[in-house]
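Subject: Structure for your review

Dear colleague,

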Amino acid sequence: MIIEENAVFHLYTEQYSYLLKINQYGIPEHLYFGPPVQTTDAAALSLRPGLGWGSSVLLEKGDPASCLDAMALEWSGSGRGDYREAPLELLGQSTDFRFTGSRIIEGSEPMACGLPQAHGGSQTLELTLAQPGARLKLYYTVFPTALVRRAVLENVGDAPIRLGKCMSFCLDLPGSSTMTSFHGGWITEMGRRDTPVQEAKVVCESRTGASSHRNNPGFLLSAPGANEEWGRVYGFNLIYSGNHYASAQRSLQGLTRVMQGVNPAEFCRELTPGDCFETPEAVLCVSDGGFGGLSQAMHRFVMEHIVPPYWKNRPRPVLFNSWEGCMFDFNQRRLLELAGKAKNLGCELFVLDDGWFGSRNDDHAGLGDYTVNRKKLPGGLTGLARKIRELGIDFGLWFEPESVNEDSDLFRAHPDWALTDDFSPVYGRNQLLLDLTKQEVRDHIVENVSNILDSAEISYVKWDMNRHSIALGSKAHDFILGLYEVLRRIFAPRPQILLETCSSGGNRFDLGMLCFGPQVWASDNTDPIERLRIQNGYSYLYPQSTMGAHVSAAPHAQTLRATPLSTRGNVAFFGCLGYELDLKHLLPVEVREIQAQIEFYKAYREIFQFGRFARTETGWQVSDGETTLVGVFHTLTHAAPGYEWLRVRGLENRTRYQVASLSQALRIGQFGSLLKHVAPVSIDPNGQLLRIADRHVTLPEGEEVLTVSGGALESGIPLPPLFRGTGYDKGQRNQGDFGSSLYIITEC
Ligand code: DGJ
């Protein structure tokens, strides 16, 4: 809801209030963003500058309250006495936009430039500000758990305007804070960094052409002392996939100025009379329930208002992907064999990754030529898809349409379609980008990909993109607008195709891409111990249903770490589960274990994918209100481990719950010579007998069922002991390094 009273605007839902007022100078001042308050609180919430601060520059002679530098603002200009960072820069000019009017719009105000927008907003406040020759509109759209802001600058004069920067929002929040942002690189995405926000500005930005795995656009600002369950935390994200910029800086007066938008680095756009520039939408959330509360608000917003409506709360299939198992080396026979095995395990979708087209036998050639390689696939895609579907499993396909290898028919026919600058080309994974700012390039991609999608029964697409850009500033923005046009034209008429986007893993894990495809391949790193950190990082801003999470082979391809299959499954369960390994080499015990994993995941998939998520002391939990699933994860084992407690959040104090551990299989081979302590006969730890037994026999692990009250579970109940070198007992958790357990908690 939005109401206006005495120049105060109150935007509110059951979760939050956002108050702003237009002051006597026509400047929008920020009053409040937090849990719900009343409109009549506006006066009490207004800042009290008193007699002001020394060295102030005033809008009105003699009025210390007219110092822009000391106000909490909704927007700001430059050269008029606010010396903090400005959200808008017109090259070489001061700016001084003042309020001229407002409008309350039902729903959202549609954008004209083709940027993706959140859907399902209830109402939008439009504030119009103006200065000679230019009009600025600030939009605020209300969603149940988030407020979405954006800005539009229009040239209403008769001379061109040179725009150097226009952020999506600017806001001055009270008090000091810490910025939590998420950084990394290929196979090491989403590392959490906490930086105190002080007078030296903190910046989180990307310049690679993509939202990037270096610096994800989503970030949080937290009050001192905030933890997972308590304290004020603000969350911000941008519905955008290109170069982004966010900054936070504390002022002398103790306000934190925060802003976010398209990166202004090298950005310059000339707006001729009548032109306008629309910023991407920015998402703002707040919670007094700590980081956990903030994540829940963001998750709900993304699930309800970002992902394409067709996929809202629609269960995602358990998939098998050919990449890690086959790379480029496959033929139809091998794929059908794999698809049969994947089906037998319980997978519902078979995804053929890179290598199915042109002369794409490694990453030096063929990119751009989406004509099926008949040597590998003599029946073509139509034939392969039919045969795979006859096995009772759906078929999905990989593309990388934004790039081209120089060694490709496409490049030979259209060398001018590659994105270039004034210098010799620079390569990323041996490929160039196609210039998506050109209409003919966009038309070609749309036609080419659409024809393939219509030529076979394809229910899933993995849309990959494996290099950084060379496009700068305004052109980088136009490239992203071109990408959005292409995605919209291909997938809007085919909403039932599940689109999983990918950019070398999580190089473009952002709300812009999620508007087109509901899930993103979170990382090429599938080592579960690495994934604990990577998925944990994503979980601050993105729900589990957006993360592709696969079980792969051990030892792992990037870390050489050997981990139990149970832990690989337990970690991947907290996302969209898939398998990505060569199934030919699975042992009978592994086949049985994977079958059990998939059966278990299917039984609880809605909770894993869409349930309420929490980060806990020992791992993660998800819940639909009736059933709670808790993962307890270990990394390196220590000798003589102490007690450990299972703490569960969000239960009813007096209700009784059943706590059941997920039955896991322990490989007996891992006990080696220790078996002599329990076996009735002497066993050679390196002998044939143990090798054969290890293929077929497993030990049950840590199985137990008990009932307990919600109150006790909230406080924490002791878990079965961990292995301590004092003997084998089937009631204990005999896990060793990288072990994990999963608990299913249901009302009795
Ligand atoms: C990078 C992706 O992240 C991988 O999953 C795989 O699809 C390869 N590209 C294929 O080239």
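The following paragraphs describe the pockets, the ligand and the cavities in turn.

This is a predicted model, in which local features need pLDDT of at least 70 and side-chain atom pairs count only at pLDDT 80 or more, while totals for chains, interfaces and linings use all residues. Residues are numbered from 1 along each chain as its sequence is written, and side-chain values use heavy atoms, with hydrogens and water left out.

Rolling a probe the size of a water molecule over the atoms shows where empty space is left. On a 1 Å grid over the protein atoms alone, a cavity is a set of points where a 1.4 Å probe fits but cannot get out, whereas a pocket is an open set with protein on both sides within 12 Å along at least five of seven lines; lining residues have an atom within 4 Å of a point. Points are joined across faces, edges and corners, and a volume is the space filled by probe spheres set on them.

The largest pocket holds about 570 Å³ of space. It is lined by 29 residues, with T563, P564, L565, R568 and R667 closest to its centre. Among the elements (DSSP runs numbered from the N terminus: helices, H or I, of at least four residues, and strands, E, of at least two), β36 contributes the most to this lining, namely four residues.

The second largest pocket has a volume of about 420 Å³. Its lining comprises 23 residues, and W186, R429, N466, S504 and D524 lie nearest its centre.

Polar contacts are pairs of N or O atoms within 3.5 Å. A ligand oxygen is 2.7 Å from a side-chain N or O atom of K462, and one is 3.1 Å from such an atom of W398. A polar backbone atom of G505 is 3.2 Å from an oxygen of the ligand. The protein covers 98% of the 290 Å² of accessible area that the ligand has on its own (Shrake-Rupley method, 1.4 Å probe).

Finally, there are six cavities of 30 Å³ or more. The largest cavity has a volume of about 140 Å³, and of its 15 lining residues, I27, W75, S76, G77 and F97 are closest to the centre.

Yours sincerely

Methods. A polar contact is a pair of N or O atoms within 3.5 Å; within protein, one must be able to donate a hydrogen and the other to accept it, and residues adjacent in sequence count only if both atoms are side-chain atoms.
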